[in-house]
Amino acid sequence: MTGTQKEISVSLQDIKDAQQCIKGKVNRTPLIRFYGDDLPCEIYLKLENLQPIGSFKIRGACNAMSVADRSLLEDGVYTASAGNMAQGVAWNARMMNIPCTVIVPDHAPQTKLDAITRLGAKFIKVPFNDWWQVLVTREFEGMQGFFVHPVSDPAVIAGNGTIGLEILEDLPEVDTVIVPYGGGGLISGIATAIKTIKPGVKIFASEVETAAPLAPSLAAGEPVKVEYIPSFVDGMGSAGLLTEMWPLVSKLVNGSIVLSLKQIADAIKLLIERSRVIAEGAAGSSLAAALTGKAGTGKTVCVLSGGNIDAEKLIRILAGTIA
């Protein structure tokens, strides 16, 4: 397993090692069938919203911090996150009894900020562009401790990839997997695991139209910039791609399905009405993508990446007043 800002490499063995490393420390989440009317494909839901922190991020954080040299953790850990990786790192820091600080963008929802505090971590709120620079430079002025990159740390990606192993264990005949696209760490981990074992499985990203750099980048054959507009879909999306992730993502992803805010809100509402499942915006995008029919007609797994949504936003979605 290797990783620099120029090259990221994660193998199936790295992911299998991560599976053993995090076993018993995170939930092995269920894969359930989704039933609805006139569905374009046979849909299954991978319920990462049922992790202790309500998000898949606990997997990568657990693996990265577990394999790190203990001497590097003496001054604690920090990360840059809109909320879910923050909780993943904070959860594991609490388990390891080390301090944790999180750099958060100024649009981070209160429910996620409250969770960071509840887990015993501190947060520093900065403008989105400054927050994005932490992801690019992997440092924050004046901050000490071990930095856990929420996206392009190979150990984080390997931890994320354990979701792919579980999908294949529970649904060996899967045809397609749809994964919300934020920075690429989740989809590249899952895709590495699945495509190494079953190369014919298609992997699609789901993006929100207000912050969707992957789709035009795939079309152009190189990373491109887009306009970023904050929305209730706060757990994914940006104005551009992390350049170090592009070679890996472009090789593994079959395409990106871009959704409107209304399509995602409708999918979140449908998840509650039909499956009694609570999903945040990013998670709802995977089901919204499946419902378009653009991912094909076979057995399709939607990765519900998290369920940490503000109650106020959820009320508005259920009332049909958010989009």
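A charge counts as sitting over a ring if NZ of Lys or CZ of Arg is within 6 Å of the ring centre and within 35 degrees of the ring normal. In this predicted model, that puts the charged end of arginine 94 over the ring of tryptophan 91, 5.3 Å from its centre. Because the model is predicted, local features need pLDDT of at least 70 and side-chain atom pairs count only at pLDDT 80 or more, while totals for chains, interfaces and linings use all residues. Side-chain values use heavy atoms, with hydrogens and water left out, and residues are numbered from 1 along each chain as its sequence is written.

On to ring against ring. Rings of Phe, Tyr and Trp (its six-membered ring) pair if their centres lie within 6.5 Å; planes under 30 degrees apart are called stacked, over 60 edge-to-face, and the rest tilted. The count comes to five aromatic pairs. Take tyrosine 78 and phenylalanine 147: the ring centres are 5.0 Å apart and the planes stand at 45 degrees, so this pair is tilted. Tyrosine 78 belongs to strand β5 (residues 77–80) and phenylalanine 147 to strand β8 (residues 146–147), so the pair ties together parts 69 residues apart in sequence. Helices (H or I, at least four residues) and strands (E, at least two) are DSSP runs, numbered from the N terminus. Tyrosine 78 and phenylalanine 147 are both buried, buried being under 20% relative accessible area, exposed over 50% and partly exposed in between (1.4 Å probe, protein chains only). Tryptophan 131 and tryptophan 132 have ring centres 6.4 Å apart and planes at 50 degrees, so that pair is tilted.

Next comes helix α7 (residues 185–197). Of its 13 residues, 11 are buried, so α7 is largely enclosed by the rest of the structure. Among the buried ones are Gly185, Ile190 and Lys195.

A cavity is a set of points, on a 1 Å grid over the protein atoms alone, where a 1.4 Å probe fits but cannot get out; lining residues have an atom within 4 Å of a point. The whole structure holds two cavities of 30 Å³ or more. Grid points are joined across faces, edges and corners, and a volume is the space filled by probe spheres set on the points. The largest cavity has a volume of about 470 Å³. Its lining runs to 36 residues, with Lys57, Gly182, Gly183, Gly235 and Met236 nearest the centre. The largest share of that lining, four residues, comes from α5.

Conventions:
On a 1 Å grid over the protein atoms alone, a cavity is a set of points where a 1.4 Å probe fits but cannot get out, and a pocket is an open set with protein on both sides within 12 Å along at least five of seven lines; lining residues have an atom within 4 Å of a point.
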